[in-house]
Amino acid sequence: MTSRNKAKGSAWERAIVEHLKAAGWPFAERRLAGAAKDRGDIAGVVGIVIEAKNEARLKLAEWITETEAERNNDGAWLGVVWHKRIGKASAADGYVTMTGAQFTALLARALDIQPALHVSDEGVAA
């Protein structure tokens, strides 16, 4: 990664952390890079891995695969990609992407319900 791209990525990570702190997650922080088993870019939101992306081209499938590996490394229940929206500086204007299976898990936790269907790792109802 070039130093310019690294600087853009670091700035986006800081924007996400600042947004999370302002929204009530006071322990949000950037993870130190270089761990043997990557666990995402943002820490401090218990049970959730956040992978930050500030790239011109969307590579959602690649990013989700990366985030799933990081979620497994961390033992987290949810992994999301928080990517920058072109032309917008605020993390609040960014996009958060996850799999459909993870979205239904998020809904179930938010609503404190048991999902009606079991969803396999491939996202197929079993």
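## Close-up views of a predicted model

View 1. At 22% relative accessibility, Glu 68 counts as partly exposed, where buried means under 20% relative accessible area, exposed means over 50%, and partly exposed lies in between (1.4 Å probe, protein chains only). The model is a predicted one, in which local features need pLDDT of at least 70 and side-chain atom pairs count only at pLDDT 80 or more, while totals for chains, interfaces and linings use all residues. Residues are numbered from 1 along each chain as its sequence is written, and side-chain values use heavy atoms, with hydrogens and water left out. Arg 71, at 16% relative accessibility, counts as buried.

**View 2. Further salt bridges involve Asp 74 with Arg 31 and Lys 59 with Glu 55.** Side chains of opposite charge can pair when their charged atoms come close. By the rule used here, the count comes to 7 salt bridges. One of them joins the side chains of Asp 74 and Arg 31 at 3.4 Å, N to O, and this pair links distant parts of the chain, since Asp 74 is in helix α2 whereas Arg 31, 43 residues apart from it, is in the loop between β1 (29-30) and β2 (42-43). Asp 74 is partly exposed at 25% relative accessibility, and Arg 31 is partly exposed at 22%. Arg 31, Arg 39 and Asp 74 are linked in a network of salt bridges. In another pair, the side chains of Lys 59 and Glu 55 meet at 3.0 Å, N to O; Lys 59 has a relative accessible area of 29% and is therefore partly exposed, and Glu 55, at 28%, is likewise partly exposed.

**View 3. Strand β3, helix α2 and strand β4 make a right-handed β-α-β unit.** The crossover is called right-handed if, with the strands pointing away from the viewer, the path from the first strand over the helix to the second runs clockwise. Strand β3 (residues 48-53) is mostly covered, with 6 of its 6 residues buried: Ile 48, Ile 50 and Ala 52 point one way, and Val 49, Glu 51 and Lys 53 the other way. In a regular strand the side chains alternate between the two faces of the sheet. β3 and β4 (residues 78-83) pair in the parallel sense over 6 bridges, pairing being assigned if DSSP finds at least two bridges between two strands; Trp 82 in β4 is the bridge partner of Ala 52. Thr 67, in helix α2, is buried with a relative accessible area of 1%. Leaving aside its neighbours within four places in sequence, Thr 67 is in contact (heavy atoms within 4.5 Å) with Val 49, Glu 51, Gly 79, Val 80 and Val 81.

**View 4. Strand β4 also pairs with strand β5, in the antiparallel sense.** β4 is largely enclosed by the rest of the structure, because 6 of its 6 residues are buried. Leu 78, Val 80 and Trp 82 point one way from β4, and Gly 79, Val 81 and His 83 the other way. The pairing of β4 with β5 (residues 95-97) runs over 3 bridges, and in β5 the bridge partner of Val 81 is Thr 97. Thr 97 is buried, with a relative accessible area of 18%. The C-alpha atoms of Thr 97 and Trp 82 are separated by 6.5 Å, although these residues are 15 residues apart along the chain. Setting aside neighbours within four places in sequence, Thr 97 is in contact with Leu 60, Ile 64, Val 80, Val 81 and His 83.

Key
Helix = DSSP H or I, 4+ residues; strand = E, 2+ residues; numbered from the N terminus. Salt bridge = Lys/Arg side-chain N within 4 Å of Asp/Glu carboxyl O.
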